[in-house]
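Please look through the structure shown below.

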Amino acid sequence: MSIENLLPLLLGLAWLVPLASFVAILFFGPRMGAHGKGAATVATAAIMTSLGLSLAALVVWLGSHPVTVAAHGDEHAAVEAAAPDASSSTVRFVARLTEPAAADHEADSHGGPHGDAHHDGHSTEGHGDGHAAAKPVAYVGDWYTLYTGGSLQLSIGWYIDAITVLMFVVVTFIATCIHIYAAGYMHDELHPVTDGEVQLASGATFTREGRFHRFFQALSLFCFSMLGIVIAGNLAMVFVFWELVGICSWFLIGFYFERHSASTAANKAFIVNRVGDFGMLIGLMALWGGLGTLHFGDSVDPTTGAARPGLFELVRPEQEHHAQQVPAGLVAFSAADEVARLANAGGNPDELRHQVSAAVPGWRQQGYGRWLLFVAGVGIFCGCVGKSAQVPLFVWLPDAMEGPTPVSALVHSATMVAAGVYLVGRFFPVLTPDVLLVIAYVGGMTLFIAATIAVTANDIKRVLAYSTVSQLGYMMLALGVGGWVAGLFHLVTHAFFKSLLFLCSGSVIHACHTNDMRKMGGLMRVMPYTGWTMLVGCLAIIGAGVPFVIGFSGYYSKDAILAQALLFSRLNPQHTILYVAVAGGAFITAFYMFRLWFMTFAGTPRDQHVFDHAHESPRVMTTPLVVLAVLAVIAGWTLPGGFGVSGLLEQSRPAGTAASLTTTDLLGTITIPAEHDSHAGAIHVQATLTAFATALAGVLLAAAMYLKPIVSPSGVAAAVRPVYTFLVNRWYVDELYDTIFVQPALRIARVVSGFDRQVIDRLINGLALAAKRIASLDAWFDRTVVDGLVNAAGQITWSVGLELKQLQTGRLRQYVMFIVVGTVAIFVLATLLFRTSLAG
Amino acid sequence: MMLIATGTVSVAHYLVVGAIMFTAGIVCMAVKRNALGVLMGIELVLNGANLNFVAFGSSYLAGEGRPPLGLDGEVMALFVILLAAAEAAVALAITLNFYNNHATVDVDRADDLRG
């Protein structure tokens, strides 16, 4: 079986197995073992199967696309920094491609056999050498077509490249750990649960059925949805699974939905995500309307049967050496007035089409379609802002802590929030430098704001939640400044250490029955496994390591981000603030993470009662911790021979992004630096040292405040009271949204409901009353007039009958007399009346 | 009256006899209290009418030059006799029943269905 058939089969199965588990638990969950205990087994077996299939896919992938260190080095040497193009007009995109293959391309121009071979190579292994070729290897295809209308087509398909395979492994691996952990963590749900946090109106305690199987049912659906996003071959399919992830998060965040806080948090997450998805829909429509396709890769035109270029090929055409340009469809779509002018000039449709396609390059020069591509990119990014909890839509993520801790771990590492970063990475070729700048600034603001809030939080899960928001900001910023590999690399490493941190915090909460760090302390003595693994997680997230030698996984990914941001700020001095945010964020991250660890595990117990009850968690919970801790250490390593996550990611680097790119466009002149330039000596050394220094400073400060009380935390808080208050209140963002959006909405709702009650209800009540009045009048008329007439007729008939019956005397002789007299009378009358006729 | 004076027996004579019989029957029906008397009055009325039929139908009485009516009159008379016989049978049965219930045949007492 060839690889282009094998990979979709393996990953498609890995994608569908959790769905099967969901369906099985949906129908048979309560009957699976005692109290639905078997549901955990079913769901875990399903996700383990997915993991196995994903690993098999990874092996298959590596078998035909080995990651080699040589290619990496070659490419590095081959890439030169691009100089800003002095003659750049407002719409020029000039990419200087220096890869050897690209040079070949230039020589061949297009139309030669080389171009064709390249095109076919898209679905075969034409790029064995990986990096030298301009276009990354990707397998594309459709399983099922949902809708075909003319040349428009919606389908369920796949787009498989190295990140797809890598994300499958990461998602299924972490989900497996979390499933196993949750089987222990959720055991309370096997029996009827008395929820002390629910206030009943009667004041009684609230008891409900356990929902063990429902938890695993939603978990399975969650994994299925996330894998659907990863494997999706087109944006429409991404959107469908995007929404499925949203609804799954709603189920799981609101798992304890009887608690007011949980149901509110679930609704908040859902509604805030809808805001982002609205932007995503706008982006989808811009692309759909202008290009008529949402496929990432090339597909088949349903009307002609010919190959049709996908989004990536349209935005970065092969014949332009993958330099970004506005696709002809968007140009013509945007230049509708010009097209109409041509159409009015006459000519048949074929001629018109010819004229339009001839005029498109000119229009492109004039700037038509630039805004549309910008809107499309920013629109898609809006969806990612919602899902990945970026400023200004990050408010839902800390509240999502209301869900059970395994859910937090899943949401915060491998699913949901990862989806946004993944989509930006997947969609990267279509994003213009302007969009990237927007992304970078949003990411920079997010990482800084969230990090500062995390400093003052006392809820252990909230600290981690804000740290997630902050780390997501790092990833977005990395992508925005051109660090495609750096951003996705950090996504992968972060998935491991953040799920580890969350599961550790879950273990702590499980032992202490509180989230408040001010009641913890000294737990290292009673919970060694949790304490050590959490220390590993903290070291990984701050990027600890021996500079230039070895380090935890975060060391590599964070250094890459820092280096890329530094290079970006060198080339774009006006955007130096981004680098400052990254470096400052690294310091704050180190501070709050070690504040958390010191407050929880080090020192002396602050609350003896809590400490006495604390105990190490069962093995089913600590085993995933150890496994994840190992991965949190090694996930960033590059093995001798070049194998590693970043090397694997490098295989899928979008075409045309390997080189530096300078544009002057909507947001001024921007240089998106080539990522390989950030590995250059000077930049790399400075970035690594900065990262090390800031992290060390953060840890030392945390130690000074919380380990050895050299500096009193409350003293510091008192010294900067306004800042402290500002941070404790989380920058007043929730209050701001409450004032700007929620309260006006409520006020409008009150006005409208008042109008409803006062005007509409009254109108309806008045109508009803009038109808009632008319009806009673009608009833009176019926009773008196109509009934009266009918009764009168009956009465008269009755009386006449009474009178007439007097004649019926029963006397035979009288009757005879009547007959005689009557007959005579008739005769007499007839004689008198008809005298003339008789006489005649 | 003119026809009687001529001395020849004509239809008119029969009609006069029939009218007398009819009137006598009516009077009998009107004045008799005995149910059987009433029945006899009925017979008189019917036979008065019969006499008229026969007189009108007779070819002998029709006179010279006039076309006879055939047997129509006699047929009608036979019809009436038949009817009278049937009627008499029914009426006598009613009378007998009446007598069984009331021990009398006085028609003035037969007023159970009066209004």
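Domain bounds here come from an automatic or database domain assignment. This is a predicted model, in which local features need pLDDT of at least 70, side-chain atom pairs count only at pLDDT 80 or more, and totals for chains, interfaces and linings use all residues. Residues are numbered from 1 along each chain as its sequence is written, and chains are lettered from A and ligands numbered from 1 in the order in which they are written.

Chain A is divided into domain 1 (327–368), domain 2 (734–808) and domain 3 (809–840). Between the C-alpha centres of domain 2 and domain 3 of chain A there is a distance of 63 Å.

Chain A also has a pair of packed helices. Helices (H or I, at least four residues) are DSSP runs, numbered from the N terminus. Helix H7 (residues 212–231) and helix H8 (residues 235–253) of chain A have axes 8 Å apart and pack at an angle of about 155°. Axes are lines fitted to C-alpha atoms, for helices over the stretch in contact, and angles run from 0 to 180 degrees between N-to-C directions. Angles over 145 degrees count as roughly antiparallel, and H7(A) and H8(A) are therefore roughly antiparallel to each other.

Residues of H7(A), including Leu221(A) and Phe222(A), meet residues of H8(A), including Phe241(A) and Trp242(A). The residues of this contact of H7(A) with H8(A) divide into 13 nonpolar, two polar and no charged. Ala, Val, Leu, Ile, Met, Phe, Trp, Tyr, Cys and Pro count as nonpolar, Asp, Glu, Lys and Arg as charged, and the others, Gly among them, as polar.

Two residues are in contact if their C-beta atoms, placed from the backbone, lie within 7 Å. Twelve residues of chain A are in contact with 13 residues of chain B. On the chain B side, helix H2 (residues 11–31) of chain B gives the largest share, four residues.

Conventions
Helix = DSSP H or I, 4+ residues; strand = E, 2+ residues; numbered from the N terminus. Parallel < 35°, antiparallel > 145°, perpendicular 65-115°, else oblique.
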